[in-house]
Amino acid sequence: MTQQQPTVTPKLEEPKFGFSEYAERLNGRAAMIGFALTLIIEYVTSQGLLEWLGLG
């Protein structure tokens, strides 16, 4: 006696929290924007980020 395998794969919803493809893509984009802004701040002010923040 063999059991039949399902023929249709259920469609699962994308998780709204946690590690999902959407969250990882959004975090990556935010990191790239932050890095670019850091470089722009350093170029415009002629100071490093730590100096600009008063820490260096």
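Q: How many residues does α1 have, and how far does it reach from its first C-alpha to its last?
A: Helix α1 has 25 residues and reaches 36 Å from its first C-alpha to its last, close to the 36 Å expected at 1.5 Å a residue. That expected span is 1.5 Å times one less than the number of residues in the helix. Please keep in mind that this is a predicted model, in which local features need pLDDT of at least 70, side-chain atom pairs count only at pLDDT 80 or more, and totals for chains, interfaces and linings use all residues. Residues are numbered from 1 along each chain as its sequence is written, and side-chain values use heavy atoms, with hydrogens and water left out.

Q: OK, and how many helices and strands are there in the chain?
A: The secondary structure comes to 2 helices and 0 strands, where helices (H or I, at least four residues) and strands (E, at least two) are DSSP runs numbered from the N terminus. Helix α1 covers residues 21-45, and helix α2 covers residues 49-52.

Q: How much of it counts as buried?
A: Of the 56 residues, 2% count as buried, where buried means under 20% relative accessible area, exposed means over 50%, and partly exposed lies in between (1.4 Å probe, protein chains only). The accessible surface of the chain comes to about 5900 Å², of which 63% belongs to carbon and sulfur atoms; such areas come from the Shrake-Rupley method with a 1.4 Å probe, and for residues only the protein chains shown count as cover.

Q: New topic: how many salt bridges does a search of the whole structure find?
A: The search finds 1 salt bridge, meaning a side-chain nitrogen of Lys or Arg within 4 Å of a carboxyl oxygen of Asp or Glu. The side chains of Arg-25 and Glu-21 meet in it, at 2.6 Å from N to O.

Q: Where do those two lie?
A: Arg-25 and Glu-21 both lie in helix α1, 4 residues apart, which is about one turn of the helix. An α-helix has 3.6 residues a turn, so residues three or four places apart point the same way.

Q: Is Arg-25 buried, exposed or partly exposed, and what about Glu-21?
A: Arg-25 is partly exposed because its relative accessible area is 38%, while Glu-21, at 56%, is exposed.

Q: What comes after α1?
A: Helix α1 is followed by Ser-46, which is found in the loop between α1 and α2. Ser-46 has a positive phi of about 55° although it is not a glycine. Most residues other than glycine have a negative phi. With 66% relative accessibility, Ser-46 counts as exposed.

Q: And Trp-52, which residues is it in contact with?
A: Leaving aside its neighbours within four places in sequence, Trp-52 is in contact with Ile-41, Thr-45 and Gln-47, where contact means heavy atoms within 4.5 Å. Trp-52 is found in helix α2 and, at 43% relative accessibility, counts as partly exposed.
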